There are 2 protein chains.
Amino acid sequence: MSSTVNAGVYIWKRLASLGIEHVFGVPGDFNLFLLDQIYKVPELTWLGTCNELNGAYAADGYARIRGKPAALLTTYGVGELSAMNGVAGARAEHAGMIHLVGMTARPVQKAKALIHHTMYPGMDHGIYVGMSEPIRKTHTYLMDDATMASEIDRVIIEGVKSKLPVFIYIPTDVVFVQVDASRLEAPLDTTIRNESEDTENDIVKSILDLIKSAESPVVVADVLAIRHGGRDLTRELVDLTQFRSFSTPLSKGVIDEDHPTYGGLYNGIASFDGIADAIHGSDLVLNVGPLLSDSNTGGFTRDIKNTNLVSLGHDFVQVREQRFEGYHFFPILTQIFEELKKEPSKFNLPRPSKSQKLEPPRLNDSASGPIEQSYTWQRIGRFLKQNDIVLAESGTAQFGMPDATFPKNTQYITQIFWSSIGYTIGACLGALVAAKEMRNPGRVVLIVGEGSLQMTVQEIGSYIRFGFTPIIFVINNNGYSIERAINGPKQDYNNVSMLWDHQKMLEFFGARTETGIKSSSYKCSTVEELEVVLNNEDFASGNSIQVPV
Amino acid sequence: MSSTVNAGVYIWKRLASLGIEHVFGVPGDFNLFLLDQIYKVPELTWLGTCNELNGAYAADGYARIRGKPAALLTTYGVGELSAMNGVAGARAEHAGMIHLVGMTARPVQKAKALIHHTMYPGMDHGIYVGMSEPIRKTHTYLMDDATMASEIDRVIIEGVKSKLPVFIYIPTDVVFVQVDASRLEAPLDTTIRNESEDTENDIVKSILDLIKSAESPVVVADVLAIRHGGRDLTRELVDLTQFRSFSTPLSKGVIDEDHPTYGGLYNGIASFDGIADAIHGSDLVLNVGPLLSDSNTGGFTRDIKNTNLVSLGHDFVQVREQRFEGYHFFPILTQIFEELKKEPSKFNLPRPSKSQKLEPPRLNDSASGPIEQSYTWQRIGRFLKQNDIVLAESGTAQFGMPDATFPKNTQYITQIFWSSIGYTIGACLGALVAAKEMRNPGRVVLIVGEGSLQMTVQEIGSYIRFGFTPIIFVINNNGYSIERAINGPKQDYNNVSMLWDHQKMLEFFGARTETGIKSSSYKCSTVEELEVVLNNEDFASGNSIQVPV
């Protein structure tokens, strides 16, 4: 006789098997039964966020650092719809999440009851399920006891493999449906496999030929290399080949910036001098994990000829003019790397670039006076330490940080494609949780403008609540500066409240004498003031939550 | 030769013609050109909120007080999706809004460019338009110059008439399309008309017959009477007939609670004693604007026989067993009222109820000790003054406030059907703006739990920024109390951060000595402490922003 387990526990056990340790979200009356089951799965800990959008952002930030999909739980209607923009961002930038949505019970759905969180009499309770269609890879709406367990598995597997959001809709009564427990003995198979092994071998062979014969090969490691599990592989490829290597605005840090091969950040013609030339002039650009959006390509000024290009995508591979739809770079690049490693000399490797390593120009050497953008970003770069995780908010921070130089093994989170302001405050919580799970030895440093901060500020309270100690730079530049740059430099619509006292923020949210939670806040209006703070050892230690503004 | 005006100005002028004076929302690069045009229409003022969800809540609160649809502006993808839950709440509770969404320019859409706020290469830029389908009455996606102006008119008219959200999607280049300015000389016709005048007359006649012959007629005035412009008409009907009158949890205040006919709040068997009996035993229940959701009907325990019922809905009218789909109560009730008024004696009017007026029981007469729910709500009721606008947050506040007694002409905002926590903090901003436009002589009083507050707290900063002085009661009850009542009274998922110092909130957001913005905050843990504050004249004056916690 086979034993059973309820569907709620089944979901949590399957999620725990992925190696994740926390679940983000907000409780609501249609997900409480499911939440009750989480306490039966001790590998998982519930982490409630202040609201669902922030929860989705946190899940996204977590997924970027852990390289695994985050779990996000919301409730029917009010919760799932609040999270939409955060989930869409994860869809755009491949920060996978498994979004569990608690729904009305099946008998209540059948009766089409006018229960709270519905909208009108006779409404099909399933209509919100359709709303997330464009922002998810797949979903399951658990209505049928017989297929429930296999559906949960299918959706989780697709979530892991695609790195895109997937949804599981769970009516409250479904939590208690008994499913076959023995299924849990077979681990989920999340291995990436391409359709045809023969085609894969042909692709590998032609790329190896190109590598062998190239005169000025370069590696451009873009963000989908990181998201789709290819960061380490790309680094090893660069170590082995010694080809000149580049990052992009979204992938900054993918290659250590002190690596002898590292040539800088490629952003089309908006790159520092020499970078676009080196890439556009190369006879073999190995472009791993491309994401060719406007702000990741210098406004579409990338100019690499197909005849010189090998593009290794997550859903296509292109070798010069030939495109293979549906092929994933991971097994292909793995094979390529193994072949090269077996006998490097056969491929004339290592083959370091003959041209001189490009070093970024020092933009502003201020030692005093007003704090200018040209000073700020490079200076924050010099403040960073090995193993730090850095988040640059949409807006000036993310357009400025490419100018900085990162120390070894810096992990960088920015959302320059989806570009939702307020994102990093939520994402930072997720990054803090992921860093804790991974015992990351570095600090977590958040750089955010005061306008973006106003979008999602409450989650600073969650950092304090859960005992985290990030360093938070609030760039107080009087409104939506990036928008002023685009349109309406003097229009009042680009204003935000200038009345907030950021010096009181940590105190308000909980870091005070009587709570015993240590914090520091500094106000810096000049370079001198900022230098004092940046050189303050206590500040730099990251041992308590800190805000220089 | 006819003069022209650009489509941006056209939209703003049409909105201004409705009599609204403010536009809510958040700027983003795809709506900045449209925002530029607002300065050419001096009747309108832009009011930026901290984020889009709060903007939608503010629009909803504004619409409830003004009785006109609010205007909400968001940007492509990130903005419109963030607002979804707030718009859905307005759909559910008929707080109409005209949601303007700035989109990518038409040539960029045609090229399917991988621009920021899209999600993947080759994406149809219009896919987000489909996502809002279930939560809107209608929409227009302005792609065709020739039909643009008429489409704008159609959608605004439907928004006004339906009191439901409508969407206008505006590619950035469309702002500068020239449309015929002479159209603006013809005002929009937003009059509610029923399909067949004959049927309407038949309905009126049969209802008049029922009114004439009823022995124990009552009026149950529900929330859609308010939303669909029938509040004053219903009040006049009650004045004229002197029939016993009742409100519901969602419509509390629709009839003045000191009115001689007022019998109390009808919430099925969860009403105070005598109320359900009076209604269930009546031989004619005139139910204006019903919204029969679980929490508005005592969990579906309303028990009115069809043979005794006249239901006057916004999209159906039911006379005993006969239902007329698509008929709107407003023209019908107007006719009924006019007929009755012409010759009241013919209908044996006024006909006051012979039964004694029901008075709510005093639940808790504490003068000292811990603050209990049974004390809190009725006490806040006694604190209220004529013409106040009161907002009760989803959760304990909205389940408690029905116990209170309101002074004359109190306007009440709660969202017990859609039930999104955090709603009232945004809605309060909208109510403050609406009250200012209408020169409402009362105060605005917000009652919110600390868990809900954490969802949307930043908008408190907007009250301060724009010079408003609401009175804010923060009910600090250690987590999601309403959820504890439903499930998991001791589960940690119902916890929220208890570290926030609400005494520092107004200071953090801007009310400080150096800004010159006056505020007061009080912490009350006992009845004695709360009584001192409630009896403090300065506090009660509503002249500065105040928080007793």
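This is a predicted model: local features need pLDDT of at least 70, side-chain atom pairs count only at pLDDT 80 or more; totals for chains, interfaces and linings use all residues.

**Exercise 1: The largest cavity**

Residues are numbered from 1 along each chain as its sequence is written, chains are lettered from A and ligands numbered from 1 in the order in which they are written, and side-chain values use heavy atoms, without hydrogens or water.

Task: State which residues are closest to the centre of the largest cavity and which elements give two or more residues to its lining.

Solution. 
1. A cavity is a set of points, on a 1 Å grid over the protein atoms alone, where a 1.4 Å probe fits but cannot get out; lining residues have an atom within 4 Å of a point.
2. The lining has 19 residues, and the closest to the centre are Ser394(A), Gly395(A), Thr396(A), Ser452(A) and Ser481(A).
3. Helices (H or I, at least four residues) and strands (E, at least two) are DSSP runs numbered from the N terminus. In chain A, helix H15 (396-400), strand E18 (444-449), helix H17 (450-456) and helix H19 (481-486) each give two or more lining residues.
4. By class, the lining holds seven nonpolar, nine polar and three charged residues. Here Ala, Val, Leu, Ile, Met, Phe, Trp, Tyr, Cys and Pro count as nonpolar, Asp, Glu, Lys and Arg as charged, and the others, Gly among them, as polar.

**Exercise 2: The second largest cavity**

Task: Identify the element that supplies the largest share of the lining of the second largest cavity.

Solution. 
1. Helix H3 (52-66), helix H10 (223-227) and strand E17 (411-414) of chain A each contribute at least two residues. The largest share, three residues, is that of E17(A).
2. Six of the lining residues are nonpolar, three polar and four charged.

**Exercise 3: Val285(A)**

Task: Decide whether Val285(A) is buried or exposed, and list its contacts.

Solution. 
1. Val285(A) belongs to strand E12 (residues 284-288) of chain A.
2. Its relative accessible area is 0%, and therefore Val285(A) is buried (buried is under 20%, exposed over 50%, partly exposed in between, with a 1.4 Å probe and protein chains only).
3. Beyond residues up to four places away in sequence, Val285(A) touches Val218(A), Val220(A), Ile279(A), Ile304(A), Asn308(A), Leu309(A) and Val310(A), where contact means heavy atoms within 4.5 Å.

**Exercise 4: Annotated residues**

Task: Locate the residues that UniProt lists for "binding site".

Solution. 
1. The unreviewed UniProt entry lists Asn477(A) and Gly479(A); its positions follow the numbering used here, feature names are shortened, and annotations may be inferred rather than shown by experiment.
2. The lining of the largest cavity includes Asn477(A) and Gly479(A).
3. Asn477(A) lies in the loop between strand E19 (471-475) and H19 of chain A, and its contacts, leaving out residues up to four places away in sequence, are Gln373(A), Thr396(A) and Glu450(A).
4. Gly479(A) is buried because its relative accessibility is 4%.

Technical notes:
On a 1 Å grid over the protein atoms alone, a cavity is a set of points where a 1.4 Å probe fits but cannot get out, and a pocket is an open set with protein on both sides within 12 Å along at least five of seven lines; lining residues have an atom within 4 Å of a point.
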